[in-house]
Each structure stands twice: as structure tokens, then as C-alpha cells.
Amino acid sequence: PLRTHRPHPSKSLAAPLKMSLHPSTRHIIKLTTHPSQFDVEPEPIRWAKADPHERGPVVATVTHPGRRNAVGAHSGTYSVYRAVALAAHASPAGFRPDFTNTLPPCQIGPHPAWSKPGAIVSLDPWGHLPQEIFAKRMASGELDVRPTISVTRSHLDLPEIKEAVSVGRLTPDAKFLMADGAVVTTKAAIEPVWHLPGVARRFGVEESHLRRVLYEHTGGMFPELVTRADLEIFLPPINGLTIYMVGDVATIPDPDAPLVVRLHDESYDAELFGSHASTGRLWLVYGIEECVRAAQAGGCGLIVYARQEGNALGEVAKFLVHNARAKSQQGSDVRQREEETERVTGAADVRLYELCADPLLWLGISRIHTFVTSSGAKTRAVQAAGIEIIKTVKLPASLLPPSAIAEANFKEERSKGSFSNPVSPLVGSNNGPPVPPAPLLEGPASPRRSGAPAHRFISLTSHAAQFSVSPLPVRWGAAEPASRGAVVATLAHPQHRNAIGTHNGPYAVYRAVGIAKQIIDPSRPLDLQSTEPVVTIGPYPSWYNADAIVALDPWGAMVSAPDSALSAAARARGVSVQPSIAISRFEARMPEIVEALREGRLSADGTILREGGVVSCIKASIEPVWHLPGIARRFKLDEEALRRKLFEHTGGMFPELVTRADLEIFLPPIGGCTVLIFGDEASIPDTSRPLVVRVHDECNGSDVFGSDICTCRPYLLHGIEECVRAAQAGGAGVIVYNRKEGRALGEVTKFMVYNARKRQAGGDSAQNYFKRTRQIAGVEDMRFQELMPDPLLWLGVRKIDRFISMSDMKYDAVVGAGIEIVTRVDIPEELIPADAKVEIDAKMYAGYYAGDKQVKSWEELNQTVGRKAADDEAAAAAAAAKAAARAAIAGGKNGGRENGLHLSFDHEHDPADAPCLPCEE
């Protein structure tokens with residue numbers, strides 16, 4: 001067995017770590033960097049070939065590791081959850097999905113850009129059709145691939161759109177905008193798939209440089225980036241994007257049909273919680289209104305929603321900047337945002353503008369009639385992709401509340417080029433001299449393509465003689481901060497790192513790209529002055545119990561204080577440390593809270609809830625920090641089995657998981673959680689004062705866009721109402737918002753499940769609610785509520801008076817953590833959308849708390865049926881997929897995009913094909 005590191009004297013495992021990605025050699029550790037054993041015969045892939053069979057599939061599964069042709073794994077950040085599911089035996093080994101009825105409901109592509117070299121480099125244009133194109137090979141067991149794009153239909157229930165209807169700004173048409181204000185959409189979830197040579201050219205850097213920086217500045221994630229230059233495809237563990245299409249999708253490529261586009265970057269402060277000082281949700285809703293108008297005019301409107309939170313710096317960094325700005329002496333000057341962000345994080349913006357046109361090219365767009373934006377960078381990027389923009393429109397000043405004027409002015413100044421431009425020379429220009437990369441790791445040179453220059457030696461992080469040689473001690477659960485020690489996951493002094501991975505979760509990839517593009521100087525330490533928490537949380541007894549809190553660093557908000565005993569050892573050695581928790585103040589204005597105030601369900605008190613519906617609270621952003629021994633015990637696993645599965649089923653992420661048993665801390669590249677505290681945070685541990693808690697798992701489709709297939713946003717807002725009441729009664733309310741989209745299965749899987757549910761025989765019945773998820777994902781749920789109580793224990797919670805949740809799994813986890821729950825609160829019947837009754841009835845039958853609701857029998861579940869798909873949707877979806885493949889093959893034979901490929905734009909299908917369905921259910 002391969003052992004590349006001698007265990008630290010204080011840490012030894014009972015048996016050597018054993019792992020392999022090959023069933024025939026299950027007792028040998030084989031790192032993915034050994035090409036003689038991994039990716040031996042990668043499936044051929046020829047990016048930008050017109051014929052999908054000639055192009056080949058993207059293979060990032062580990063069923064046949066020798067056939068993999070990509071670095072990374074499917075589902076982005078959620079591959080970590082799948083690895084844990086396999087370790088915990090929650091998912092069957094060797095599972096193959098049943099993709100029946102998961103195809104898109106209408107034809108998308110092929111379009112000329114799909115076969116134009118360099119046009120689309122950050123997504124797989126054929127990613128929505130592999131289950132059709134390669135069906136025979138998949139059925140034979142020869143090939144195991146996953147879609148990276150899924151397309152479904154949805155109804156959006158947004159209070160602002162209902163208001164627009166009520167005041168006459170929008171008029172229902174019973175096709176795209178219903179009488180009740182629901183917007184009918186087609187939506188696509190897209191996982192990132194990077195063609196590294198093309199991505200490097202797009203960023204204006206050498207591919208070898210991009211690969212090296214991606215490897216080094218993510219803490220050594222995926223060594224194949226530097227050892228396997230023949231693998232050109234990379235599935236980065238970052239979140240992707242969602243496209244909402246309002247109108248006739250078939251008109252999108254038509255340059256003469258009205259087309260509205262809004263490229264929108266995630267800001268959950270605004271879009272979900274209604275930040276009073278942000279314009280994010282205002283822009284989003286205004287964009288949706290414009291989309292509806294385009295659809296009603298015979299065209300289509302698109303919202304492209306990219307998961308690039310906080311300018312792609314991440315939420316912890318964003319909250320730290322909020323604190324620094326609040327303490328700044330520069331007032332509300334718009335340049336303050338830029339300056340403070342750069343000081344605290346090293347860059348003002350690391351969003352990947354160069355890639356933002358790729359989803360538009362995937363849809364065949366050549367002309368945008370109305371581009372809803374004030375961003376000069378996005379405008380230039382879209383135009384650089386060859387897309388004509390007829391006009392741009394900005395958010396009307398009449399929609400701006402006074403509190404958001406500063407942000408609007410800032411964006412206006414940025415659009416004029418008044419500030420530094422975070423875009424590579426291919427799209428814009430960088431300010432200042434080039435920043436040389438900081439040499440972090442040195443060692444033997446990695447393999448490279450013939451003729452490619454070798455810049456310098458690179459050492460793999462699994463070589464302990466050169467990396468984490470002298471990790472600073474960290475004693476999880478120690479009572480004294482100096483004894484506990486700080487988690488060191490920064491990269492400036494790699495020899496002292498005591499953790500696997502690095503800060504900012506998935507946003508470490510964006511930071512690495514920023515370094516590659518010379519936007520960020522990696523040698524400059526972050527200036528964390530004035531970013532300290534606005535209130536003190538803890539310490540509490542649970543912080544001193546090594547098994548009580550294992551999924552976050554309870555001291556993570558305190559490490560940056562100049563006199564922190566926690567980081568004294570690091571400071572003495574000149575090692576920088578970084579907070580994994582940021583605590584800030586927050587004011588929000590949500591339409592549902594305004595309505596509750598107007599209808600008398602809530603009353604303003606002038607402090608917690610003001611007239612006008614503004615709510616004041618404390619917010620905390622928490623990055624996951626896993627203590628691997630404790631995580632393993634929580635799941636009742638051997639630690640070595642957990643480490644092995646984490647390594648194997650993420651496609652070989654972080655070899656130190658299996659080579660460095662002495663490193664007990666792991667920062668997984670997954671989303672963390674946001675905690676909102678209403679009322680007095682000091683009252684939370686006091687069992688004599690009322691405490692309301694809702695633990696909510698992300699559902700972007702409902703939480704932000706109001707999808708009516710589930711109860712997520714209504715239940716969340718009901719929880720916030722309850723929190724406000726508890727705070728006004730002298731206690732506190734807590735919302736814990738976990739980034740676990742689609743039960744931690746990811747949005748691509750979630751949309752395929754929606755299709756399968758709607759198209760199955762008998763319709764979308766409650767009896768089959770969980771069945772199709774199991775058939776597609778292998779499990780019903782990968783959220784792992786075992787880790788869910790940790791943020792509550794960090795807050796010192798001992799008793800919850802009102803627990804706003806029906807989940808039996810969450811209830812069991814909280815009670816199992818030693819927290820008393822007095823009353824469970826189910827969702828009020830009037831808040832359940834009609835199409836969501838399927839979910840509620842199925843969950844109550846499965847054991848969810850029902851309150852006074854009737855729990856139906858197994859036979860009765862078949863009587864609860866959701867909104868039905870069109871009778872011929874399944875047949876039309878299959879026909880559309882076949883038509884797309886045939887058009888591409890014909891186009892390839894006829895010379896590509898100038899000939900056959902354009903036929904699919906005009907829908908000149910085989911007469912036997914079913915037509916694309918209109919965009920309504």
C-alpha cells in the first residue's frame with residue numbers, strides 16, 4: 001500500500017489507509033496523479049466538433065476511472081455530499097440513474113456557436129442530451145455519463161409581479177402571465193464544464209499558467225490540473241447558473257424576434273432577504289417584468305442567474321467588507337465600496353465576466369433587443385462574443401428606495417469605467433502593472449504538452465517533505481483559545497498549514513482565476529482591520545466539546561483580532577490567518593413582511609420592525625470547517641473510510657485526505673450557511689426567554705423566484721414572521737439558511753426529477769414523490785441533518801420554544817444534540833401553493849410533523865396530483881432531442897454551421913417529430 005507520509009506522533013490510524021478507484025485493486029492507494037492507473041484510456045473528446053458522437057461525451061464519473069476524460073466530478077460542490085452519502089451507505093455503490101422522462105421539454109440547439117472553436121468554453125453545449133445521444137452505450141454499461149444541463153418548466157409566484165398586475169404595469173394573457181400573477185417559464189440549470197485551453201485564451205493567459213494557479217491557490221485541489229495536460233476538461237467545484245426563459249423558446253435565435261436579457265449575479269442579501277441598501281432584487285424583478293413584455297410581444301425574455309455571491313468573493317468576505325465600510329470615516333462615498341473591498345479581500349470583483357456570454361451562445365443568440373443592465377463589463381463581454389445589443393436599459397430611478405441610491409450611484413460610476421476593471425485584456429483592460437504569481441510550491445516539473453514552456457517546478461501537496469512540514473498545532477475542543485490554536489488554511493506559508501483545502505469554499509476557484517488574470521496580488525496579506533464581529537457570540541460550553549461542533553470552527557469569527565490568543569502562534573511565525581465566520585448588521589425589507597404589517601399580523605416597534613416593513617437583525621456567514629475525526633464519529637464511520645470516499649468520489653480532490661492522516665481539518669469547497677438573528681443575541685442561551693428557530697435549506701427556485709412546486713419561500717417567510725414576534729417579546733428568532741440546493745443533490749438533478757415527476761404515468765402524485773428522486777439520484781436526500789445542529793450549538797442554543805419545521809430528520813438531529821424543543825410549528829394551510837400539496841402530503845406520510853393536518857393513507861396519496869405536464873410532453877421531449885442530434889450530424893457532414901446546423905433554428909424537423917411545446921404547462 002502506498003503511504004506517502006508518516007503519521008504525526010500524536011495521530012495514528014489503526015490500519016493503513018486503503019483506497020483505489022479500481023475495483024480490481026481495492027486494497028491499494030492510487031492517487032489520480034498516476035496516469036498509469038487513472039485515466040489510462042480517456043474517452044476521446046474533441047471540443048467544438050459538430051457531430052456529438054464525434055465530439056464525444058464528458059466523462060467525469062468514477063464507474064470506469066480509466067475512461068475519465070475530465071478533471072473533477074459532476075454536480076460541482078455537491079460531489080462532496082455524494083461522497084459522504086457513499087461513505088455512509090446512504091447511496092448504493094455502483095448506482096446508475098434511470099433517466100426516463102428527464103429530457104428537456106423543447107429543443108435547444110444545435111446552434112453555430114456549438115461547433116465554433118473558442119465560442120463556448122465554460123459549459124458543455126450538449127450537456128442536456130447525453131442520456132439520449134449516448135443511450136445505447138449507457139444501456140450496455142460501457143459508458144456512465146451524467147447530464148450537466150437540465151431543462152424543465154415552472155410557474156413563478158412573485159409578490160412584486162402580482163403588484164405589477166394589480167396596478168396595471170403588466171396585463172395577464174393566460175399564456176405567459178396568468179390571471180393570478182404567476183409567470184410561466186422554461187428554466188435550465190447549468191453546471192460549469194471548462195474547456196481549459198479555451199478558458200485560458202478567454203482570460204488572456206497561458207493554459208499552463210492557469211492550471212498551475214488553479215491548483216496552487218485552491219490549496220492543492222485536483223493535482224491533475226498540473227500533472228495531466230492531456231485532460232482538457234475541468235469540472236470546477238463551483239456553483240453554476242440558472243436560466244429563466246419567459247416566452248417562446250423557439251424565437252430566441254431569431255434576430256428579428258424581441259429578446260430581453262438580464263445577466264444577474266447572486267446576492268442573497270438582496271434577492272432573498274431584501275437588503276434595504278441593495279438594488280439586487282429590484283433589478284431582478286424589473287428584469288422579469290421586461291421579460292414578460294417581450295414574451296407578450298411575440299419574443300422571449302431571459303434571466304441568467306449566476307451563482308457569484310459577493311462579486312464572486314463569497315459571503316464571508318462580503319460581510320467582512322460590510323463591517324469595514326460601516327466603520328470607515330468616508331461616509332457613503334461610492335468609491336468607498338471599491339477601496340474597502342480591495343483592502344479586505346485583495347480585489348473588488350472577481351466575477352468571470354469573460355464567460356458570461358457562453359449561455360447566450362448556447363441558446364443561439366445573435367442579437368439582444370433590450371439588455372437590462374448598467375454593467376459596462378457585461379456589455380463589453382457580450383459584444384465581444386459577437387452578439388449585437390440594440391439598447392440597454394437601467395433600473396428606473398423611480399424604483400430606487402433612498403437607502404439604495406448609494407449602490408445605484410456606485411454601479412453607474414463603474415459602468416462609466418471610473419473604477420478598476422476586473423476583466424481580462426480580451427474584454428477590457430486591467431489597471432496597474434502585472435502582478436507576478438507568488439511561488440508557493442516548488443518541486444519536480446509536471447508533464448506538459450509537447451512544446452509547451454515549463455515555467456518552474458511544482459510540488460504536489462501530497463509530498464509532505466515540501467508542504468505542511470510544520471503544521472501549527474490545533475486542538476479541536478480545547479477550552480483555552482491559545483491551546484486550541486487557529487485553523488491555518490491560508491497559502492502564503494504552506495509549511496505551516498494545518499488544514500486541507502482553503503478558505504472561501506467554492507469561491508477559492510474565482511480567487512485563483514483572479515490571480516491568474518493579475519487582478520489579485522497573492523503576496524499581499526489581507527488587511528482585516530475593522531472587520532471584527534459587530535456583536536460577540538460565545539464562547540459557550542459546546543465550543544469546548546470536540547464532538548458537539550464538528551462542521552464549523554466555533555472560534556472562526558475571532559481569529560482576526562490583533563490581540564487574539566487564538567492566532568498568537570500564527571502571528572509569532574508571520575503566518576496569516578483568515579476568519580471563517582463574519583458577523584455583521586443587516587436591514588431587510590421583504591414584500592411578505594410589508595404585507596404582514598399592512599394586514600396586522602405584525603406590528604412595528606421602531607427597533608426590530610419599523611414602519612414601512614424594514615426589519616433589523618444580525619447576520620452571520622459561516623464557512624464549513626470539518627473536523628474529520630468528529631465528522632466520522634457523527635456519521636458512525638471509520639475516519640479512513642470517510643477520507644477515502646471523499647477523495648474517490650470527488651474525482652480525486654485533495655490527495656491529502658488519504659495521504660495526510662495527521663491533518664484533521666478539512667475545508668470542503670461547498671456552500672456554508674447564513675444565520676439571521678432577530679432580537680437580542682445574548683438571550684439565545686437563556687432558556688427563560690422565548691426563542692424561535694427555523695433551519696432552512698436552500699431552494700433558489702422558490703426562495704428567490706417563487707416557484708410554486710414547493711413550500712420553501714412561504715415557509716421561510718412564515719418563519720421570519722415568527723422570529724420577529726419572538727424578538728418583540730423580549731427573546732430572539734434565528735433563521736439558519738443552509739446552502740444545500742435540491743436536498744444537496746444540486747439543481748441539475750432537481751430539474752430532471754421535476755420532469756420525471758410531471759411526465760410519469762398517472763401524473764405527479766404524492767405516492768411517487770420520493771420514488772423518482774431515488775431513481776435519478778440514488779438517494780432521496782443528501783442533506784445529512786446530522787451536521788445541521790452545529791450552528792445552533794455555536795449560538796449557545798439550549799431550548800427552542802417554537803421550531804418552525806415539519807421535518808422529522810431535523811427534529812431528531814436537534815433533539816439528539818441535546819437541545820430541547822417545546823413546540824413544533826407546521827406550515828399554515830393557506831401558505832401551501834396548490835402544486836406543492838404533492839410535496840406536503842408525501843412528506844407527512846413519510847413521517848414529517850403534520851400538526852392538525854390530515855395524514856393521508858398510502859392509497860389516498862394517489863389522489864394528490866400536481867399540475868400535469870402536457871399530454872405529449874414526454875414524446876415531444878424525446879423527439880426534440882433526436883431532432884437536435886440529427887441536425888448536428890447533418891450539419892457536420894455538410895460542413896458544419898454554414899449548412900445543416902441552422903436548420904434546427906427554423907424547426908425544419910423530420911415530419912414524424914413532435915413539435916416543440918409552447919412554454920406553458
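View 1. Buried means under 20% relative accessible area, exposed over 50%, and partly exposed in between (1.4 Å probe, protein chains only). Helices (H or I, at least four residues) and strands (E, at least two) are DSSP runs, numbered from the N terminus. The model is predicted: local features need pLDDT of at least 70, side-chain atom pairs count only at pLDDT 80 or more, and totals for chains, interfaces and linings use all residues. Residues are numbered from 1 along each chain as its sequence is written, and side-chain values use heavy atoms, with hydrogens and water left out.

In a regular strand the side chains alternate between the two faces of the sheet. Strand β8 spans residues 300-306; 7 of its 7 residues are buried, so the strand is largely enclosed by the rest of the structure. Strand β6 (residues 241-247) runs antiparallel to β8, joined by 7 bridges. Leucine 241 has alanine 306 as its bridge partner in β8. Strand β7 (residues 259-265) runs parallel to β8, also through 7 bridges. Here leucine 259 is partnered by cysteine 300 of β8. Two strands pair if DSSP finds at least two bridges between them.

**View 2. Glycine 310 in helix α11.** Helix α11 covers residues 309-312 and includes glycine 310. Glycine 310 counts as buried because its relative accessibility is 16%. Aspartate 265 lies 45 residues away in sequence, yet 8.5 Å away in space, C-alpha to C-alpha. Neighbours within four places in sequence aside, glycine 310 is in contact with Glu266 and Lys318. Contact means heavy atoms within 4.5 Å.

**View 3. An open sheet of 3 strands.** The order is β1-β5-β4, and the pairing is mixed. Edge strands β1 (70-72) and β4 (194-195) each have a single partner strand, so one side of each is left without a neighbour in the sheet. β4 and strand β5 (residues 233-235) run antiparallel, joined by 2 bridges. Histidine 195 has isoleucine 233 as its bridge partner in β5. Ring pairs also link Trp194, Phe222 and Phe234 into a cluster.

View 4. Rings of Phe, Tyr and Trp (its six-membered ring) pair if their centres lie within 6.5 Å; planes under 30 degrees apart count as stacked, over 60 as edge-to-face and the rest as tilted. The count comes to 17 aromatic pairs. In one of them, phenylalanine 635 and phenylalanine 784 have ring centres 5.4 Å apart and planes at 80°, so the pair is edge-to-face. This pair links distant parts of the chain, 149 residues apart: phenylalanine 635 sits in the loop between α21 (628-634) and α22 (639-648), phenylalanine 784 in the loop between α28 (771-777) and α29 (790-794). Phenylalanine 635 is buried, at 9% relative accessible area. Phenylalanine 784 is buried too, at 11%.

**View 5. A nonpolar surface patch.** Tyr845, Val855 and Trp858 make a patch of about 290 Å². Patches are made of residues with over 30% relative accessible area and no salt bridge; like charges are joined within 9 Å, nonpolar side chains (Val, Leu, Ile, Met, Phe, Trp, Tyr) within 5 Å. A salt bridge is a side-chain nitrogen of Lys or Arg within 4 Å of a carboxyl oxygen of Asp or Glu. Accessible areas come from the Shrake-Rupley method with a 1.4 Å probe; for residues, only the protein chains shown count as cover. Tyrosine 845 belongs to helix α31 (residues 837-845). Tyrosine 845 counts as partly exposed because its relative accessibility is 38%.
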